[in-house]
Amino acid sequence: MTARIIDGTALARRLRTAIAARVDTLKASGVTPGLAVILVGGDAASAVYVGRKVKACEAVGIRSFTDRFPETIDNDTLLARIAALNADPAVHGILVQLPLPPHIDMPRVLETISIDKDVDGFHLYNIGALVTGNTVFSPCTPYGVVKLLESEGIDLKGQNVVVVGASNIVGKPTALMLMAEGATVSICHIHTRDLAQYTIMADILVVAAGVPGLIVAQMVKRGAVVIDVGINRLPDGRIVGDVDFAGVSAKAAAMTPVPGGVGPLTVTMLLENTVVSAERTLALADA
Ligand code: NAD
């Protein structure tokens with residue numbers, strides 16, 4: 001068996017075309033969707049991620065506003081800027097690029113963002129609301145995983161899903177969102193004993209550990225669908241996921257590549273959330 005490649009780049013392109021059309025409709029009604037991005041410090045990877053998000057906004061017609069603050073910024077200045085963006089009607093989404101410097105009170109920063117503009121879905125309300133299915137916005141990477149599975153026509157009801165990785169921004173929310181779709185979900189993490197005992201049971205295996213080569217063919221059920229969220233840079237400069245692509249593709253039915261799998265969806269879902277926010281604003285104005 002050679003796994004079908006789940007092409008995240010192609011799916012993202014299709015979704016972005018539809019998003020661009022919705023942006024045009026909003027503009028025709030006098031609303032230009034706006035995303036504010038806050039970047040603190042000089043982390044090179046963060047700057048690259050922010051650059052990609054800004055470019056993606058431009059490509060679909062979303063206006064973006066980027067605030068770059070020095071590493072030395074204090075909590076109060078940052079919180080005051082977020083409060084100003086919360087009140088700015090031209091801004092429909094606010095994203096604070098993580099990680100933040102250690103002296104910054106990250107939970108407080110995230111909770112200062114208005115839940116109506118929390119397009120990253122990291123506000124405590126939106127994280128908690130994943131439990132009841134009442135989020136204002138779903139976090140972008142888990143939302144992207146759901147979209148990839150949806151694009152494969154997979155009905156999640158009753159499927160055995162194993163999520164490897166239990167972070168607050170990827171693993172846990174992904175598990176909750178897939179459970180909401182009716183899957184039976186197991187979550188594994190660094191303290192899980194005998195990881196393979198779980199992964200081998202998975203009809204759908206989602207891996208978000210940040211460990212290159214963590215999942216090898218013997219750990220995967222024949223015919224499984226494998227979603228590799230991991231992004232790892234090897235010493236030779238190559239970008240790889242957490243799954244041994246060559247080995248596992250001989251056993252899985254379908255799998256995402258890295259790059260070109262989940263990554264393009266993460267940015268796409270940020271655009272989607274921003275447009276949804278602008279559409280809600282317009283609907284409220286019309287009400
Ligand atoms: P994290 O470091 O916050 O969490 C990693 C999780 O994996 C933890 O729960 C940890 O317990 C678990 N883990 C680590 N080693 C393990 C092991 N040997 N066995 C089992 N579990 C193990 O990372 P994160 O922010 O959740 O990101 C995970 C990966 O996903 C990273 O490679 C990151 O770069 C990538 N990522 C990709 C996207 C995307 O858009 N594709 C978005 C966010 C994160």
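Arg238 and Asp236 form a salt bridge, with their closest N and O atoms 3.0 Å apart; the term stands for a side-chain nitrogen of Lys or Arg within 4 Å of a carboxyl oxygen of Asp or Glu. At 49% relative accessibility Arg238 counts as partly exposed, while Asp236, at 53%, is exposed. For these labels, buried means under 20% relative accessible area, exposed means over 50%, and partly exposed lies in between, using a 1.4 Å probe and protein chains only. Shared partners also join salt bridges of Arg22, Glu272 and Glu279 into one network.

A word on the model: it is predicted, so local features need pLDDT of at least 70 and side-chain atom pairs count only at pLDDT 80 or more, whereas totals for chains, interfaces and linings use all residues. Residues are numbered from 1 along each chain as its sequence is written, and side-chain values use heavy atoms, leaving out hydrogens and water.

The whole structure holds eight salt bridges. Among them are these:

| Pair | Closest N to O distance |
|---|---|
| Lys147 and Glu150 | 3.5 Å |

What does the bridge between Arg81 and Asp67 tie together? Arg81 lies in helix H3 (residues 75–87) and Asp67 in strand S3 (residues 63–69), so the link joins parts that are 14 residues apart in sequence. Helices (H or I, at least four residues) and strands (E, at least two) are DSSP runs, numbered from the N terminus. Arg81 is partly exposed at 30% relative accessibility, but Asp67 is buried at 17%.

Lys147 and Glu150 sit three residues apart in helix H6 (residues 140–151), which separates them by about one helical turn. Glu150 is partly exposed, at 49% relative accessibility.

Now to the inside. A nonpolar core is a set of buried Ala, Val, Leu, Ile, Met, Phe, Trp, Tyr and Cys residues joined through side-chain atoms within 4.5 Å. The largest one has 53 residues, and those with the most contacts inside it include Leu35, Ile62, Val206 and Val229. Helix H10 (residues 262–286) gives the largest share of this core, 10 residues. Val206 touches several residues, including Val145, Thr174, Leu178 and Ile227, not counting residues up to four places away in sequence; contact here means heavy atoms within 4.5 Å. A second, separate core of 18 residues includes Ala36, Ile38, Phe69 and Ile94.
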